[in-house]
Every structure is written in C-alpha cells, then in structure tokens.
Amino acid sequence: MFTTLISQATQAFCIAFLIITLPLSPIGIALLAGPSRGRRYLRHYIDTVRRTAHMTQQMLKADVVARRMQIKLSRYKSATTEKVVGECTHCGNCCINKSCVYLEFDHNLHSRCAVYNNWFWKMTRCADYPINALEIALYSCPSFSTAPSAAMITEQPVKIITMHAMGRARLEGAKPVQQKEI
C-alpha cells in the first residue's frame with residue numbers, strides 16, 4: 001500500500017515535470033544524448049517537443065515511473081517460477097511502445113537507443129528489461145517469453161570430506177598440502 005502510494009506520487013511528479021518543462025525538453029534530451037547525437041534534437045526542435053509529449057503520454061499509460069518505483073521500493077525480484085528466455089530482435093516495442101524520444105531505427109528497421117549504456121539509460125527501466133511476463137505482455141514483445149524455471153536451491157551444497165592416506169581429512173578435489181618436516 002505504502003509503496004503503491006509513493007510510486008504513484010513519484011509518477012505524478014515526474015509526468016507533471018515533463019509537461020511543465022516540455023518547451024525545454026530538446027535541450028535536456030540533447031544533453032543526455034551527448035554532443036554527437038544531441039545536436040539533431042536541437043535542430044529538429046518542434047519534432048523533439050512533439051515526440052517528448054507523445055512519450056510522456058505513453059509513459060503515463062504504461063505506468064513506467066510507478067512500476068520502476070515499485071520495483072525499487074519493494075526490492076522486487078522476478079518470481080522463481082518463471083525465467084525470461086529469448087534474445088532481443090530490436091523491434092523497439094519495449095521503448096515505451098516505440099515512443100521513446102531516444103529511439104532510433106537504422107536502415108534495416110532495427111532499433112537502437114541514443115543513450116544506450118550511459119548513466120541515464122542504466123537508471124531507467126531499460127537496463128533491466130524484461131524482468132517478468134507482465135512487462136513482456138505490456139509491450140507485446142515478440143522476442144522474449146517466460147518459461148518455468150527449476151526451483152532455486154537455497155541450501156549450500158554439502159562438501160565431501162575424504163580421509164587422506166595419512167589419516168588427515170581433506171576436501172574432495174583439493175590440492176594436497178605440502179608437509180614441512182621439523
């Protein structure tokens with residue numbers, strides 16, 4: 001309950017901030033993208049503002065910020081009953097349903113991110129996607145799925161101890177210790 005309330009409040013603040021600063025968004029986006037890619041966002045100022053507005057709507061629709069906060073606050077880990085399998089096909093669906101302002105497509109229509117692997121990207125949900133079946137379904141991801149996983153073993157394996165020829169116990173597979181004569 002408390003984490004849901006905090007998550008929703010954080011999302012409301014972030015969305016309000018994005019809406020209020022919408023006219024300045026190309027500057028912030030250009031700074032995050034870096035000098036080589038950032039100039040493009042400034043040159044296409046009006047288009048960047050439109051894309052940012054659309055991305056903000058999609059973020060609200062998909063509860064992007066609230067879900068991120070819930071995961072951070074609850075220390076959520078993917079359920080032990082499911083394992084995410086697959087390999088990214090670069091369709092762009094996970095990029096807020098192809099609306100992320102940093103999403104670019106190459107000539108083969110493969111997506112790529114203008115801020116991939118920088119500090120901002122690592123701070124967002126992008127660095128963790130996908131963590132469960134809910135996220136895969138939310139973005140209609142064609143390349144990842146979940147499969148049942150074996151129960152996680154929480155016990156430590158038992159170490160096998162054998163008796164050495166001289167009567168001393170040693171761990172199986174361990175190298176013999178050189179004895180010093182006195």
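Q: Is the crossing in which helix 1 passes helix 5 left-handed or right-handed?
A: Helix 1 passes helix 5 in a right-handed crossing, the term for a near helix turned clockwise from the far one by less than a right angle (anticlockwise is left-handed). Helices here are DSSP runs of H or I of at least four residues, and strands are E runs of at least two. This is a predicted model, with local features requiring pLDDT of at least 70, side-chain atom pairs 80 or more, and totals for chains, interfaces and linings using all residues. Residues are numbered from 1 along each chain, and side-chain values use heavy atoms, without hydrogens or water.

Q: What makes helix 1 oblique to helix 5?
A: Helix 1 (residues 2-20) and helix 5 (residues 64-74) pack at about 140°, their axes 8 Å apart. Helix 1 is therefore oblique to helix 5, given that oblique is what remains after roughly parallel (under 35 degrees), roughly antiparallel (over 145) and roughly perpendicular (65 to 115).

Q: Why is Glu87 called exposed?
A: Its relative accessible area is 65%, and exposed means over 50%, buried under 20%, partly exposed in between (1.4 Å probe, protein chains only). Glu87 lies in the loop between strand 1 (82-86) and strand 2 (103-105). Leaving aside neighbours within four places in sequence, Glu87 is in contact (heavy atoms within 4.5 Å) with Ser143 and Phe144.

Q: How do you know that Cys94 is in no disulfide?
A: The nearest cysteine sulfur, that of Cys95, is 4.2 Å away, whereas a disulfide needs a pair of cysteine sulfur atoms within 2.5 Å. By this rule the count is zero disulfides.

Note on methods. Axes fitted to C-alpha atoms, helices over the stretch in contact; angles between N-to-C directions.
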